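Q: I would like to learn how to read a structure like the one below. Please take the features one at a time.

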Amino acid sequence: MKKDFVIIFDFDGTISEIIKSPEKIVNVLADEFGFKKIKPEDVEKLKEKKAQDVLKILKVSLIKLPFILLKGRSILGKEIEKLKPIEGIKEVIEYLYIGKFKF
């Protein structure tokens, strides 16, 4: 009896690179919502922090946070149409889809 299986991919970094320059989106939101902007070199440092610490560092108003997240999601939604797959992932998915991959 053949077993069905499911493979789950993390989209960002596996299928495609969602944001090559996250500081651009953060800074668009900073302009609109009045919190601190970041530089490209800040991104890696901020990735290591907890979300609550990033909010404090950037001086994000918790009252505005739901609106910031909503707007950020909207921006990402528009950007996703422009994404290209990571090199080689198309072939991997095709290989898995046609059933050559065995567990």
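Q: Among contacts in the protein chain between residues at least 6 apart in sequence, what share joins residues at least 24 apart?
A: This is a predicted model, and a contact here means heavy atoms within 4.5 Å. Residues at least 24 apart account for 56% of the contacts between residues at least 6 apart in sequence.

Q: How many helices and strands does the protein chain have?
A: There are six helices and zero strands. Read from the N terminus, the order is α-α-α-α-α-α.

Q: What percentage of the residues counts as buried?
A: The cut-off for buried is under 20% relative accessible area. Of the 103 residues in the protein chain, 20% count as buried. The chain exposes about 8800 Å², and carbon and sulfur atoms supply 59% of that area.

Q: Which residues have the most contacts inside the largest nonpolar core?
A: The general idea is that nonpolar side chains tend to be buried together in soluble globular proteins. In this model the largest nonpolar core has 14 residues, and those with the most contacts inside it are Leu 29, Phe 35, Leu 58, Val 60 and Ile 68. At least two residues of this core come from each of helix 2 (22-33), helix 3 (42-47), helix 4 (51-58) and helix 5 (65-80). Helix 2 gives the most, with four residues.

Q: Which residues does Ile 68 touch, not counting residues up to four places away in sequence?
A: With those neighbours left out, Ile 68 touches Leu 29, Phe 33, Phe 35 and Val 60.

Q: How many salt bridges does the structure hold?
A: The criterion is a side-chain nitrogen of Lys or Arg within 4 Å of a carboxyl oxygen of Asp or Glu. The structure holds three salt bridges. In one of them, Lys 37 pairs with Asp 31, with the closest N and O atoms 3.0 Å apart. Lys 37 is partly exposed at 44% relative accessible area, whereas Asp 31 is exposed at 53%.

Q: How far apart are the closest N and O atoms of Lys 71 and Glu 32?
A: In this salt bridge the closest N and O atoms are 3.5 Å apart. The pair links distant parts of the chain, with Lys 71 in helix 5 and Glu 32 in helix 2, 39 residues apart. Lys 71 is partly exposed at 32% relative accessibility, and Glu 32 is partly exposed at 45%.

Q: Where do Lys 47 and Glu 44 lie?
A: Both lie in helix 3, three residues apart, about one turn of the helix. Lys 47 counts as exposed, at 59% relative accessibility.

Q: What is phi of Lys 59 near?
A: Phi is near 60°, a positive value in a residue other than glycine. Lys 59 is placed in the loop between helix 4 and helix 5. At 64% relative accessibility, Lys 59 counts as exposed.

Notes. Residues numbered from 1 in each chain as written. Predicted model: local features only at pLDDT ≥ 70, side-chain atom pairs only at ≥ 80, totals over all residues. Heavy atoms only, no water. Core = buried A, V, L, I, M, F, W, Y, C linked by side-chain atoms within 4.5 Å. Buried < 20%, exposed > 50% of the residue type's maximum accessible area, 1.4 Å probe, protein only. Areas by Shrake-Rupley, 256 points an atom, 1.4 Å probe, with all protein chains shown as cover.
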